[in-house]
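Here are my notes on this model, point by point. Please keep the structure open while you read.

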Amino acid sequence: MHLAYPAVLAALLFCVGLYGVLARRNAILVLMSVELMLNAVNLNLVAFDVWLRDALHAGQALTLFTIAIAAAEIGIGLAIVLMVHRNRGTSDVDRLRDTAEQPEPADAGTDEKAEATA
């Protein structure tokens, strides 16, 4: 089998995953898109390992590590999404920006210090 077939398939999978990360608003769909991108990388690793006829099968070993990291990422990511959904009532990524701390105005802090010293 030619190397071009799995490479093109992996590129298509990666592009679909990238589109899913950039276009989706639901956090679970974003996590699924990241998994799709990781699977495209796994496909490339195995395809190049077979094509190069590596005696150590380093591509397959790296694929196993990638699968383990993806499983841990999904476990932690889903736990975070569930906690956010419980607290906020939605898993919309655009609304998660409200959770960031707002910087306090610079002049408000100096007025409070001036009043406290007077």
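1. First, a term. Buried means under 20% relative accessible area, exposed means over 50%, and partly exposed lies in between (1.4 Å probe, protein chains only). By that rule, the buried residues of α2 are A27, V30, L31, S33, E35, M37, A40, N42, A47 and D49. They pack against α1 (4-23) and α3 (58-88). Across the chain, buried residues make up 20% of the 118 residues.

2. Ground rules. This is a predicted model, in which local features need pLDDT of at least 70 and side-chain atom pairs count only at pLDDT 80 or more, while totals for chains, interfaces and linings use all residues. Residues are numbered from 1 along each chain as its sequence is written, and side-chain values use heavy atoms, with hydrogens and water left out.

3. Confidence. pLDDT is the predictor's confidence in each residue, from 0 to 100. The chain's mean is 86, and 81% of its residues reach 70 or more. Among the elements, α1 has the highest mean pLDDT (96) and helix α4 (residues 106-117) the lowest (60). Where pLDDT is low, the predicted coordinates should not be read in detail.

4. Fold. The chain has four helices and zero strands. Both are DSSP runs numbered from the N terminus: helices are H or I, at least four residues, and strands are E, at least two. Contact means heavy atoms within 4.5 Å. Of the contacts with a separation of 6 or more, 56% are between residues 24 or more positions apart.

5. Helix α2. What span should its 26 residues have at 1.5 Å a residue? The expected span is 1.5 Å times one less than the number of residues. That gives 38 Å, and the end C-alpha atoms are 38 Å apart, which agrees. Just after α2, R53 takes a positive phi of about 55°.

6. Aromatic pair. The whole structure holds one. The ring centres of F48 and W51 are 6.1 Å apart and the planes stand at 85°, so the pair is edge-to-face. The rule covers rings of Phe, Tyr and Trp (its six-membered ring) with centres within 6.5 Å; planes under 30 degrees apart are stacked, over 60 edge-to-face, the rest tilted. F48 and W51 sit three residues apart in α2, about one helical turn. F48 is partly exposed, at 35%.

7. Salt bridge. The search finds one (a side-chain nitrogen of Lys or Arg within 4 Å of a carboxyl oxygen of Asp or Glu). D94 and R25 form it, at 3.3 Å, N to O. The pair links distant parts of the chain: D94 is in the loop between α3 and α4, R25 in the loop between α1 and α2, 69 residues apart. D94 is partly exposed at 33%, whereas R25 is exposed at 54%.
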